[in-house]
Amino acid sequence: MTARGAALVAAILRLGAAPSEGEARPDFLARVGVIGEGVAEASRVVPWPFGRRAMGAAVLVIFDGESRFDREVHAGRRTGDHGKARCLGSVHASKLAPDWPDLGGVDFDPTFRCARAVARNLRSKAWECLRPRDPETEAETMARVFEGYARGHCAPPGEQAKARGQAWAAMMAAGGSK
């Protein structure tokens, strides 16, 4: 496992991720290792104005908020939004996710594709939703990005996006997504 992947695994565990029902702890830890490596690679290949570490943390916050790292969602056996959302990031079909049908699966390749689709969406929303504003905290800035991710368009951050912004800021402060 890479150092970045290991740091992301530690961050996932700090978020409170736990084995899904019927999932043995060793299997869960192996699956979380795949998630860490997939997110590390996605944060490497998708340029982000705030850096790789911030991108990795943002993807993990989305995974946590959208699926709680659930094994059935990760495997592609459970979808959201009436079948429109796939993988740990609840990704919808779009030009940012051209491989949308192949996002489900617990191996590295589908996990990376899911993380990459989330990263692309986050980057798109950062460029779309962040404009020069009054001074705001990093958590407030990221809340705008998370609200854009959730809605598919820019809007003032709601409570869920604000909570995600706070979770992202805490993860960045903890230094767990190098």
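1. Let's begin with confidence in this predicted model. Among the elements of the protein chain, helix α2 (residues 25-45) has the highest mean pLDDT, at 97, while helix α6 (residues 138-151) has the lowest, at 92. Here pLDDT is the predictor's confidence in each residue, on a scale from 0 to 100. For the protein chain, the mean pLDDT is 91, and 94% of its residues reach 70 or more. Where pLDDT is low, the predicted coordinates should not be read in detail.

2. Some housekeeping before the details. Residues are numbered from 1 along each chain as its sequence is written, and side-chain values use heavy atoms, with hydrogens and water left out. As this is a predicted model, local features need pLDDT of at least 70 and side-chain atom pairs count only at pLDDT 80 or more, whereas totals for chains, interfaces and linings use all residues.

3. On to the fold. The protein chain has seven helices and zero strands, and from the N terminus on its elements run α-α-α-α-α-α-α. The radius of gyration of the protein chain is 15 Å, close to the 16 Å that the globule rule gives for 178 residues, so the chain is as compact as a globular protein of that length. That radius is taken over C-alpha atoms, and the rule is 2.2 Å times the number of residues to the power 0.38. As for elements, helices (H or I, at least four residues) and strands (E, at least two) are DSSP runs, numbered from the N terminus.

4. The C-alpha atoms of the protein chain fill a box of roughly 50 × 35 × 30 Å, taken along the principal axes. Of the contacts in the protein chain with a separation of 6 or more, 64% come from residues 24 or more positions apart; a contact means heavy atoms within 4.5 Å.

5. Now burial. Of the 178 residues in the protein chain, 48% are buried, with buried meaning under 20% relative accessible area, exposed over 50% and partly exposed in between (1.4 Å probe, protein chains only).

6. The loop between α4 (71-75) and α5 (108-129) holds Ala85. Ala85 is buried, with a relative accessible area of 3%. If you set aside its neighbours within four places in sequence, Ala85 is in contact with Thr79, Gly80, Ser90, Val91 and His92. The C-alpha atoms of Ala85 and Asp64 are separated by 15 Å, and the two residues are 21 apart along the chain.

7. Cys87 also sits in the loop between α4 and α5. Cys87 counts as buried at 4% relative accessibility, and has a positive phi of about 70° although it is not a glycine. Most residues other than glycine have a negative phi.

8. Arg68 is another one to look at for backbone geometry: its phi is near 55°, a positive value in a residue other than glycine. Arg68 lies in the loop between α3 (52-67) and α4, and counts as partly exposed at 41% relative accessibility.

9. Two alanines to finish. Ala18 is in the loop between α1 (3-14) and α2 and is partly exposed at 42% relative accessibility; its C-alpha atom is 9.0 Å from that of Leu29, 11 residues apart along the chain. Ala170 belongs to helix α7 (residues 159-174) and is partly exposed at 45%. Ala170 and Pro156 are 14 residues apart in sequence and 21 Å apart in space, C-alpha to C-alpha.
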